[in-house]
Amino acid sequence: MGISEPRDLDAVRDGLARWCAHWRPGAGTARVAPLEQPLTGLSSETVFVEIDWDGDDHTSAVLRLPPHGEGLFPRYDLGMQGRLQAVVAGAGLPAVAPLAVEEDPGWLGAPFLLMPRVAGRVVRADEPYLRRGWLAEATPGEQARLHAAVLDALAAIHRLDWEALGCGAVLGTAPGAGGWLGAQLDRWEAYLGWAEGGEGAPPVFAQGVRWCRAHLPRVEPPPSLLWGDVQLGNVLVGDDMGVAAVLDFEMAAVGPAEVDLGWYLTLHAMAVDRCRGDLPGFPGHDATVAAYQDRLGRPLADLRWYEAFAALRSGAILVRAARLLARLGVDDSWLTGANPTVERLGSLIEG
């Protein structure tokens with residue numbers, strides 16, 4: 001179930017056809033097939049697009065739009081995401097370079113990205129993927145291959161020379177001599193206040209803010225380009241169980257690689273908690289950390305703070321989602337009851 005207002009796909013289709021004449025003025029008439037909107041995550045919208053041009057030319061693409069109405073975040077910068085994806089793809093990594101980055105909202109009612117459609121399977125993070133679905137049905141060896149490929153892709157992003165590639169300019173920010181983690185904690189504390197919408201949230205989140213502030217790392221690890229939303233649901237998986245593409249740079253930044261790794265570990269741990277067990281081909285927490293340290297090529301900082309910060313951020317986003325769903329009549333009592341996010345954060349700050 002989506003949490004933003006339904007978008008008129010017929011209007012999007014008409015606007016896209018008009019835009020195509022502007023995008024490729026010499027390509028002839030563009031005939032846009034009826035749009036298909038798969039079940040996706042809770043943030044930006046994804047629409048599958050098929051375009052036929054005069055002369056038997058065909059474009060199979062993915063359209064990415066911000067939420068129609070209110071979303072999980074106060075602001076969506078698709079232009080930044082598209083430019084960053086182009087930089088990462090240009091560096092030889094499996095990101096999807098956009099066909100076009102359109103920041104004029106006049107065509108479709110919002111800025112958008114148009115990206116080539118890449119073949120691959122998606123792990124449905126909205127389902128108990130550790131217990132059912134194609135990944136759960138894969139052999140342990142295939143599961144292990146995918147896990148290793150995800151770590152390889154993440155380490156490749158973290159090892160990029162983000163300064164030489166101009167990532168700071170693309171993101172509109174760059175870390176200073178120190179204090180980046182504290183500034184991020186301030187930002188997410190403010191986000192939590194906005195997400196609550198005056199209706200409050202489980203007290204563990206305020207406790208998490210206080211714990212993270214009291215235990216803020218004294219020495220920040222060196223900065224890397226951060227993917228931002230590292231999770232299996234943001235990976236397109238090839239038939240060989242390799243990474244065909246990494247998706248969704250919505251939360252990208254420049255900061256310690258531990259921030260990304262902590263997010264990945266924490267989100268996966270919550271999935272394990274929900275399903276009461278991991279996949280047989282996936283290594284445990286400590287083995288994953290050791291394997292990632294080898295890939296990154298430097299010692300990792302103690303990850304407890306970064307995992308607690310990840311649980312706090314994930315919980316804040318969950319609060320916002322609950323508030324939006326409540327407006328649609330969905331019971332949000334699950335937020336204040338026992339759930340993996342609350343339990344994970346509690347265990348990290350109390351342990």
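Start by selecting Leu 84: beyond its neighbours within four places in sequence, Leu 84 is in contact with Cys 167, Val 170, Leu 171, Leu 225, Phe 249 and Ala 252. Keep in mind throughout that this is a predicted model.

**The cores.** Next, show the largest nonpolar core, which has 90 residues. Leu 84 is among those with the most contacts inside this core, together with Leu 135, Leu 225 and Phe 249. Another core, of 19 residues, lies apart from the largest one. To find this other core, select some of its members, including Trp 19, Ala 27, Val 49 and Ala 100. In soluble globular proteins, nonpolar side chains tend to be buried together.

**The second largest pocket.** Now turn to the second largest pocket, with a volume of about 620 Å³. It is lined by 25 residues, and those closest to its centre are Met 80, Arg 187, Glu 250, Met 251 and Ala 252. Ala 252 was also on the list of contacts of Leu 84. Show four helices around the pocket: H2 (78–90), H6 (180–196), H8 (257–275) and H10 (304–327) each supply at least two residues of the lining. Which helix gives the largest share of the lining? That is H6, with six residues. Colour the lining by residue class to see 15 nonpolar, four polar and six charged residues.

**Arg 64.** Select Arg 64, found in strand S3 (residues 58–65). Is Arg 64 buried or exposed? Its relative accessibility is 10%, so Arg 64 counts as buried. The side chain of Arg 64 makes a polar contact, at 3.5 Å, with the side chain of Thr 46. Leaving aside neighbours within four places in sequence, the residues in contact with Arg 64 include Ser 44, Glu 45, Leu 78, Phe 112, Asp 248 and Glu 250.

Asp 248 has a positive phi of about 65° although it is not a glycine. Most residues other than glycine have a negative phi. With a relative accessibility of 13%, Asp 248 counts as buried.

End at Met 241, in the loop between strand S8 (235–237) and strand S9 (243–246). Phi of Met 241 is also positive, near 70°. Met 241 is buried, because its relative accessible area is 3% and buried means under 20%.

Definitions and conventions
Residues numbered from 1 in each chain as written. Predicted model: local features only at pLDDT ≥ 70, side-chain atom pairs only at ≥ 80, totals over all residues. Heavy atoms only, no water. Buried < 20%, exposed > 50% of the residue type's maximum accessible area, 1.4 Å probe, protein only. Polar contact = N/O pair within 3.5 Å; in protein donor to acceptor, adjacent residues only side chain to side chain. Contact = heavy atoms within 4.5 Å. 1 Å grid on protein atoms, 1.4 Å probe; cavity = no way out; pocket = protein on both sides within 12 Å on 5 of 7 lines; lining within 4 Å. Points joined across faces, edges and corners; volume = space filled by probe spheres on them. Nonpolar A, V, L, I, M, F, W, Y, C, P; charged D, E, K, R; others polar. Core = buried A, V, L, I, M, F, W, Y, C linked by side-chain atoms within 4.5 Å.
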